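My notes follow in the order in which I made them.

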Amino acid sequence: LHYVLTERFIAVASTDDALIPFLAGGARPNIDRLIYSRLPLLDDFDWSDGWVEGIKTLLPGTHMTLGAAGRLRRQQYWAFSAQPEDSALATARPEDAVAAFATVLERATSDRLRSASDPAMLMSGGIDSACVAASIHRQSSTATAYSVVADPDQDCIESAAIRSMLGTLGWPTCQIQVPSFAGAMSEAEVAALAWQRPHPVDNSILLVHALVTMAARAGQRVVLHGASGDLALFAPDDYFLHVARTQGLGAALAELRLMRARHVYHLGRSAVELLARAFWEHAVPLSVKRLRPARWRNARQLAAASGLDPALVRDRHVVGRIRQVWARGDRFVRLTPAEQHAAVLRPPGIVRGLEGYDRVGGRAGVEMRDPLADVRVLEWLQRAPLALRSTEGRTKWLGRAYVQLAFGEAVAWRTDKSHLGWQLVGAALPRTHGSVTPADDAITDCSYAHRVAQLWERRLAP
């Protein structure tokens, strides 16, 4: 939700640019290019500040009260701190832990299924959306599934998972096939959608934008998804160190061997490589990491690649801020797993993940709902033992075990993944709109943001 507050009124809207006519004075709006670019890695923004000066954002996980005297008060209800492990879950049988997770997730999903018409479901083929789909299915509810799938002659593990799940669900479906762009939206329509209201974040999730638009055209006003799954089911990559502390060296070495064969992000990596990385992260003094010449060089390169004006980079201390973010990352990996989980759930963590989804949903006139972002689900997962989130060499073990209940082993326990979103982004890249001609990698790394901002400045001129 976005709003403009003046001495005379408050105006609210689901899209930020809809509020531009309500800005005081009727002057040409000022664009904050740094906020607009959402420069990769920078997380020290006031995330309630909009990219147009004077327009504020009510972030996910917050509520706002406006008093009679015009005093505005915002409060976060996602105020997570490290929680002690639930002793009952720590000693529960795996099947009992999965059943307990099912209870809390299905309650959250049920609350989000309320709609005047059947809801829509974004099905990516990944574990997170599969969790939500399984939760809907196990309650004997239905939804219309919206997906991007590979053409039948393409080898794509996530498309195979989508087709397998839909075979079980029997839901109505609406799809875009790539690279042929057969189905509900053509390549030209996808490209036009990207440049209708270009935005560095929104264009990077063009797949979501396209599917939400398709749902809105079909008259659906509620869209479920599982975008928060990575943070809800978070576990550190070096969780084997926790295993070593709690179960012994032998158990940790066994996990390392399984990670090589099963871990989505470490397939094929040897135990020696993973141990060397853990040594660098945990044993090398932070001062040594901070003083590496590569830190300065990489920060300058990232700032230059952003496409931001050099004067803005200098005046807003962008290079120094990037290095500070990296320094916080160095300290983050040395927190306990419980402290890390709490940290990624606090803003800007889960808020950043939902920001783009909510904005493209607002543009289409639909409400985006993520059961995995329900505070009850997040608090339950915080108290769950780390072994329920990563074990047997796998990420998201608990989510996978739950998905297996509805969709079987082939969907739940696969070890690889593929993303088709880049093919939709690629459809928009050759298109020129006004003076905006992005480079080949522009959308994904935000390097075209300053040119998009120039386009907006001309459109916003009084």
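**Notebook: a cavity and a helix pair**

I sorted the lining of the largest cavity by class and found two nonpolar, no polar and three charged residues. I note at the outset that the model is a predicted one.

I then looked up the names. The residues that line the largest cavity are Leu286, Arg290, Ala327, Asp330 and Arg331.

Which helices each supply at least two residues of this lining? I found helix H13 (286-290) and helix H16 (318-332). H16 gives the largest share of the lining, three residues.

I also looked up the volume and the count. The largest cavity holds about 30 Å³ of space, and the count is one cavity of 30 Å³ or more.

I turned next to the helix pair. Two packed helices are described by the angle and the distance between their axes. I looked up both for helix H3 (residues 94-112) and helix H21 (residues 397-407): their axes come within 10 Å and cross at roughly 85°. Angles of 65 to 115 degrees count as roughly perpendicular, and therefore H3 is roughly perpendicular to H21.

Which residues make the contact? On H3, I listed Pro94, Ala97, Val98, Phe101, Ala102, Leu105 and Glu106. On H21, I listed Trp397, Leu398, Gly399, Ala401, Tyr402 and Leu405.

Methods
Residues are numbered from 1 along each chain as its sequence is written. This is a predicted model: local features need pLDDT of at least 70, side-chain atom pairs count only at pLDDT 80 or more; totals for chains, interfaces and linings use all residues. Side-chain values use heavy atoms; hydrogens and water are left out. Axes are lines fitted to C-alpha atoms, for helices over the stretch in contact, and angles run from 0 to 180 degrees between N-to-C directions. Helices (H or I, at least four residues) and strands (E, at least two) are DSSP runs, numbered from the N terminus. Angles under 35 degrees count as roughly parallel, over 145 as roughly antiparallel, 65 to 115 as roughly perpendicular and the rest as oblique. Contact means heavy atoms within 4.5 Å. On a 1 Å grid over the protein atoms alone, a cavity is a set of points where a 1.4 Å probe fits but cannot get out, and a pocket is an open set with protein on both sides within 12 Å along at least five of seven lines; lining residues have an atom within 4 Å of a point. Grid points are joined across faces, edges and corners, and a volume is the space filled by probe spheres set on the points. Ala, Val, Leu, Ile, Met, Phe, Trp, Tyr, Cys and Pro count as nonpolar, Asp, Glu, Lys and Arg as charged, and the others, Gly among them, as polar.
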